[in-house]
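Please look over the structure below before reading on.

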Amino acid sequence: MERILRIGMGFWESRTLLSAVELGVFTVLGHRQLTAEQLQRELGLHPRSARDFFDALVAMEMLRRTDGRYANTADTATYLDSTGSEYIGGFLEMAAARLYPFWDRLTEGLRTGQPQNEARDGGDFFTTLYRDPQRLYDFQRAMTGLSLPSAHALAEVFPWHRWKSMADIGTAQGALLRTVLETNPHLHGIGYDLAAVEPIFTEYSAPVADRAVFQAGDFFTDELPEADVLVFGHILHDWDLPTKLMLLEKAHRALPDGGAILVYESLIDDDRRTNLSGLLMSLNMLIETPGGFDYTAADLRTWLADTGFRDPQTEHLAGPESMVWAVK
């Protein structure tokens, strides 16, 4: 019974963390230790429930409390202080502002098979997004937060020494590209995305600007850039199966013989029993897209073989995410 209730009421804990991110609790604390009264005042909170809020975060192991003073944990100091280079809170900010209310409509999505985001009321999220520079920046920062843990792992475990160039398809801010180039100084890279992304990419990739260039393009209408390795991170799950296969075919055409394709996502485990994050991400694709879905590594290996690739290999990266790569 306890487990059933804990899962059913899980939104209490989730919303508490999302509110903490929205309020900037972890950034305000930084490396300081503050009393409840000090933290309450700096955040502009009403005194009625502030202490309960802070102590709930302590119970959730999101904050530490010592001698009546609150401080970040090692993880929240690293990942939820927006002044740090490893900040992943952008994705949680998007979850709070967009995904949380849209998931209230999951039951309707399951009954209709239709997205439950802006499209439900006749809008188009991506069209609107790319017309609004601030919303685009916020979204790209969210994608950086989602990608960074896997980017660090991928920069280390993939055999980059075999190749000289890479292109990150749907690069967003360029977190993956920058991380890989910083770890592998022999590489040159291309960040490939729609033209509106270029200023955001240029700013973020400045530390590797001598080896990173931006290439504007639309992978629906344009050919993919030429490079030794093409990376698709959190891209394929946005689309239905015919579109997934079309992108893999385009990648095969663009790569030289001996080049590689690398795909990473929250890949569902092949038995579809244990990677809950991957399965829930696929439900999120129901909420967000007309036909997108997540998939298993076995599915992806089959699609890669069907589009001409060989020797697919699967490797875990970080958290729920894994990669599959194969050679042309």
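Is Arg 65 buried, partly exposed or exposed? Arg 65 counts as partly exposed, because its relative accessibility is 44% and that class lies between buried (under 20% relative accessible area) and exposed (over 50%), with a 1.4 Å probe and protein chains only. This is a predicted model, in which local features need pLDDT of at least 70 and side-chain atom pairs count only at pLDDT 80 or more, while totals for chains, interfaces and linings use all residues. Residues are numbered from 1 along each chain as its sequence is written, and side-chain values use heavy atoms, leaving out hydrogens and water.

Arg 65 forms a salt bridge with Asp 55 at 2.8 Å, N to O; the term means a side-chain nitrogen of Lys or Arg within 4 Å of a carboxyl oxygen of Asp or Glu. The pair links distant parts of the chain, with Arg 65 in strand 2 (residues 63–66) and Asp 55 in helix 5 (residues 47–59), ten residues apart. Helices (H or I, at least four residues) and strands (E, at least two) are DSSP runs, numbered from the N terminus. Asp 55 is also partly exposed, at 22% relative accessibility. Arg 51 joins Asp 55 and Arg 65 in a network of salt bridges.

Elsewhere, Arg 15 and Glu 22 meet in a salt bridge at 2.5 Å, N to O. Arg 273 pairs with Asp 271 at 2.7 Å, N to O, and both of these residues are exposed. The count of salt bridges comes to 13.

The lining of the largest pocket divides into 24 nonpolar, ten polar and four charged residues. Here Ala, Val, Leu, Ile, Met, Phe, Trp, Tyr, Cys and Pro count as nonpolar, Asp, Glu, Lys and Arg as charged, and the others, Gly among them, as polar.
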